[in-house]
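Work through each task with the sequence and the structure at hand before reading its solution.

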Amino acid sequence: MAELDIGKHCQVDSCNLKDFLPFVCDSCCGVFCLEHRNREAHSCPEELVKKEPRATGGSTSYPCSFDDCKGKELLPVICPQCEKHFCLAHRHQDDHKCEKLEVQKPRMAATKELVQKIVESKDGSKSKGRRGAKNSATAAKVALMKLKLHAAGDKGLPQTERTYFQVYLPKDSKCSSQPMFFCSKWSVGKVVDYAASLASLKNNNNVLTAKKLRLCHPQTGEALRMDDTLLSLLAHPETPLYNGGNVILEYLDNESLCLTDVSDYIRQT
């Protein structure tokens, strides 16, 4: 009986391994083994072909543009910065390593500088600012014990990863605030989405022309960057957030980067 010729050799010269289940590159159409199936591994000379939505069984699906992700969505989830389709798991800029993530940094740095000047002018002196930060930290420790009794959140999160906040809701909400807890490793964007879900708030952050739901600092009113993590904000050297402290959720116009008056939300901090 003649032997069956099953499989093909990897086209990488230094490899030439015969793979019984070879992979075909979507860009250069070459045949490769498991180790060299990625474009980077075989130094693919062709440009990556952008995936377009395909109609399947009479319905349209939108494949995720993130590398090696096979997720699809029935409705388009488009990043407003790079304008590519993503699944729900990769919809935030930090999750899909957005190529235009760095564009906002100079603008946000200028905003932080402006906010810092406003804070310093209101404080009058650096020593007064330090006393205020110390008082806020002490108040947050006291509030944390109460928040742990009533806060809503994912009960599956380990206690060591939980960060608690009294979340002050938008002005037109039925409830003024709710105690919640989040994973300290989450980005601000994920915190906003989860808080909106817990408070049953309308969240149109994926709609370019709609007002955006933003998480704001309780003292400065600054809209926090969506790609910053809670861990980095808790460790901020100048204006940190506190575990057990306050944060503000509010709808802001696309060009608005700061609340005009935080006292409208928090009467006592």
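A patch is made of residues with over 30% relative accessible area and no salt bridge, where like charges are joined within 9 Å and nonpolar side chains (Val, Leu, Ile, Met, Phe, Trp, Tyr) within 5 Å. The model is predicted, so local features need pLDDT of at least 70 and side-chain atom pairs count only at pLDDT 80 or more, while totals for chains, interfaces and linings use all residues. Residues are numbered from 1 along each chain as its sequence is written, and side-chain values use heavy atoms, with hydrogens and water left out.

**Exercise 1.** Describe the nonpolar surface patch that includes Phe 20.

Solution. Ile 6, Phe 20 and Leu 21 make up the patch, with about 360 Å² of accessible area together (Shrake-Rupley method, 1.4 Å probe, only the protein chains shown counting as cover). Finally, Phe 20 counts as exposed because its relative accessibility is 58% (buried is under 20%, exposed over 50%, partly exposed in between; 1.4 Å probe, protein chains only).

**Exercise 2.** Characterise the salt bridge between Asp 193 and Arg 91.

Solution. A salt bridge requires a side-chain nitrogen of Lys or Arg within 4 Å of a carboxyl oxygen of Asp or Glu, and here the N to O distance is 2.6 Å. The pair links distant parts of the chain, with Asp 193 in helix H3 (residues 188-198) and Arg 91 in the loop between S7 and H1, 102 residues apart. Asp 193 is buried at 16% relative accessibility, whereas Arg 91 is partly exposed at 26%.

Terms used:
Helix = DSSP H or I, 4+ residues; strand = E, 2+ residues; numbered from the N terminus.
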